[in-house]
Amino acid sequence: LEVDQSPIGKTPRSCPATYVGIWTIIREVFASAPESRERGYTASRFSFNKKEGCCPQCKGQGYQRVEMSFLSDVVVDCDECNGMRFNPETLEIKFKGLSVGDVLKMSVEEAIVFFEVHAAIRSSLQLLIDVGLGYLRLGQSSYTLSGGEAQRTKLVAELANNVRKGNQNKEREIGGFKDKTLYILDEP
């Protein structure tokens, strides 16, 4: 696997939380809130890609692009959701007093404290901090990351994936060698 400085994510909705694989877990946390269960909300309700929970005006992007005839386009927060990406009903669901939109606006350093009892989330957040990305917002558009930030986020995604696989599988013996991952870093 080559971890280069090319942009991460395949869509403009990609963000550090989705790329390193913790957004699915965060959505499940919100879906397990008592009010979510009462309303029959599932984890898909807390996806900014699904019609049921996202803001109808910005379609879950949190911003709107204003075309300027002879100038560069301007990006502004959506005036309906105020950049929160979700519709009002979805934002009513709280976990530890915050909505899912509030969580997306958290920095990695804030989120590691907020999710301190969720080991799967915390381990990926710690990796982001370890590579110097604690200042990134969980919901920050991947297109705004520099080449170095993108490269470090890719490295974290690979390390987090290996940790998850390692927790699921015992070491295997292959051709006399234990199945392990070797990382070769060029100019780390």
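1. In what follows, buried means under 20% relative accessible area, exposed means over 50%, and partly exposed covers what lies in between, with a 1.4 Å probe and protein chains only. By this rule F46, with a relative accessible area of 0%, is buried, and Y41 is buried as well, with 15%.

2. This is a predicted model, in which local features need pLDDT of at least 70 and side-chain atom pairs count only at pLDDT 80 or more, while totals for chains, interfaces and linings use all residues. Residues are numbered from 1 along each chain as its sequence is written, and side-chain values use heavy atoms, with hydrogens and water left out.

3. On confidence, where pLDDT is the predictor's confidence in each residue on a scale from 0 to 100, the protein averages 87, and 89% of the residues score at least 70. Where pLDDT is low, the predicted coordinates should not be read in detail.

4. Rings of Phe, Tyr and Trp (its six-membered ring) are paired if their centres lie within 6.5 Å, and planes under 30 degrees apart count as stacked, over 60 as edge-to-face and the rest as tilted; the count comes to 8 aromatic pairs. Y41 and F46 make an edge-to-face pair, with 6.3 Å centre to centre and 70° between the planes.

5. F95 and F115 form a stacked pair, 6.2 Å centre to centre with 10° between the planes. Because F95 lies in the loop between α4 (88-91) and α5 (100-104) and F115 in the loop between α6 (108-114) and α7 (119-130), the pair ties together parts that are 20 residues apart in sequence. F95 counts as buried at 18% relative accessibility, and F115 counts as buried at 0%.

6. F30, Y41, F46, F95, F114 and F115 form one aromatic cluster. Two of its rings also carry a charge, which sits over a ring if NZ of Lys or CZ of Arg is within 6 Å of the ring centre and within 35 degrees of the ring normal: the charged end of R45 sits over the ring of Y41, 4.1 Å from its centre, and that of K96 over the ring of F114, 4.9 Å from its centre.

7. Finally, L71 is found in the loop between β1 (63-66) and β2 (74-77), and at 60% relative accessibility L71 counts as exposed.

Definitions and conventions
Helix = DSSP H or I, 4+ residues; strand = E, 2+ residues; numbered from the N terminus.
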